[in-house]
Amino acid sequence: MTFDEARAQFPVLERYAYLNAGTNGPLARATIDAFVEQARRDLSEGRSGKQYVERMLELRDEVRRGFADLLGVEPLHIALVESTSRGCATVLAGFGLTGEDEVITTDQEHFGLTGPLYATGARVLIVDAAEEAILGAITPRTRLVATSHVLWTTGRRLDIHRLRRESGLPILVDGAQSAGAIPVDIGELDFYTVSAQKWLCAPDPAGALYVRDPELVRVKTPSYFSQDSYEVSGAFVPKESAARFDGGWIGVPALVGIVAALGTHPDWRYERAAKTAARCAELLAPHVEVVTPPRHSTLVSFRPRTDPVELVSELQQRGVIVRELPGRNLVRASVGWWTSDGDLERLVEALRG
């Protein structure tokens, strides 16, 4: 598949320089076609019956395999959840933290991680978003490190394998800005979350949670899909795999849409995205302060010379879609493998006014 053929899958790119996959990625025709076809089938034939339920279960398995392939792991380690936020909350709710425990996180995390962290009641140590600061904050009370692989603010990529190796602690990784954007090597990591509506261009909500050892976490928010068997009392036997942490029902149209979305990405996606992100930073440097370190991610965050909120609005009027990061005085361009040189030129030209 050529670049032009692959890019042509996304109609939104015909109108906009769409640089906001860090929030929601562009939707492909095949994704929406699959979704709509299934929804029309449901409209005319209903959503019940043995065959319908069996197809739903088969599609869940197919989606699970798709996420497993993305991360290079076995499907038995994958739970289906609606977002990275839900994946983080699932792990933290079941990790058994108390007020006597410490968890280390950084000052650049999304509320999807920090909110569930705060809710555990553990002591949360917030440090600079750097490997040395995280490792230097560890004490005998530290039970978990919780951080992003790629920071949603600055686009910096943390060495999560170093953190796991040198700390010897379990690590919960928010993969919202990494999975589907850069190659991910799970290795010895314990927990890794995926938001499929971002870089994987799936319909939302859609996500996954990787769990190395399901016995590390209790099932605190069970869904019907969590159990192998259950009693009238509600007592249940959890599934042996990470499927015990599955969220609730995912509609069949959404499932077929996720399957279609996972099939839209060419083999060369990571190389192309990295090269284009580097070019974006290079073009922006004369006009704004680029804060994303070189070769770290597909996010290019910059500090504008004017009000960020007003700038994002002005750029949208010029057909350029980027994101303002509240309270950070930053604007973020999300560069995907589908981003063209023309998109980057539109961004720079719009910044020039």
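Modeller: Happy to! Let's begin with strand S2, which is covered on both of its faces. Ile78 and Leu80 are buried on one side, and Ala79 and Val81 are buried on the other. "Buried" is under 20% relative accessible area, exposed is over 50%, and partly exposed lies in between, with a 1.4 Å probe and protein chains only. In a regular strand the side chains alternate between the two faces of the sheet. Before going on, a word on the source: this is a predicted model, where local features need pLDDT of at least 70, side-chain atom pairs count only at pLDDT 80 or more, and totals for chains, interfaces and linings use all residues. Residues are numbered from 1 along each chain as its sequence is written, and side-chain values use heavy atoms, leaving out hydrogens and water.

Now to the partner of S2. S2 and S8 run antiparallel and are joined by four bridges, and in S8 the bridge partner of Ala79 is Leu209. Strands (E, at least two residues) and helices (H or I, at least four) are DSSP runs numbered from the N terminus, and two strands pair if DSSP finds at least two bridges between them.

This pair belongs to an open sheet of seven strands with mixed pairing, in the order S2-S8-S7-S6-S5-S3-S4. S2 (78-81) and S4 (123-127) are its edge strands, each pairing on one side only. On average, neighbouring strands here are turned by 20 degrees against each other, direction ignored. Next to S2 and S8 comes helix H3 (residues 50-71), which packs on the sheet and touches S2, S7 and S8. The direction of H3 makes about 115 degrees with that of S2. Axes are lines fitted to C-alpha atoms, for helices over the stretch in contact, and angles run from 0 to 180 degrees between N-to-C directions. Contact itself means heavy atoms within 4.5 Å.

S7 (residues 191-195) and S8 (residues 207-211) pair in the antiparallel sense over five bridges, with Ser195 opposite Gly207 in S8.

Further along, helix H5 (residues 111-119) deserves a stop. Its buried residues are Gly112, Leu113, Gly115, Pro116 and Leu117, and they pack against helix H4 (84-94) and strands S3 (102-106), S4, S5 (142-148) and S6 (171-174). Just after H5, Gly121 takes a positive phi of about 85 degrees.

Another glycine with a positive phi, near 100 degrees, is Gly234, in the hairpin of S9 and S10, which has five residues between the strands. S9 (residues 227-230) and S10 (residues 236-238) run antiparallel with three bridges, and Tyr230 has Phe236 as its bridge partner in S10.

Let me finish with the helix H9 (269-284), which, like strand S12 (299-303), supplies at least two residues of the lining of the largest pocket. H9 gives the most, with five residues. In all, 18 residues line this pocket, and Ala274, Ala277, Arg295, His296 and Ser297 lie nearest its centre. A pocket, on a 1 Å grid over the protein atoms alone, is an open set of points where a 1.4 Å probe fits, with protein on both sides within 12 Å along at least five of seven lines, and lining residues have an atom within 4 Å of a point.
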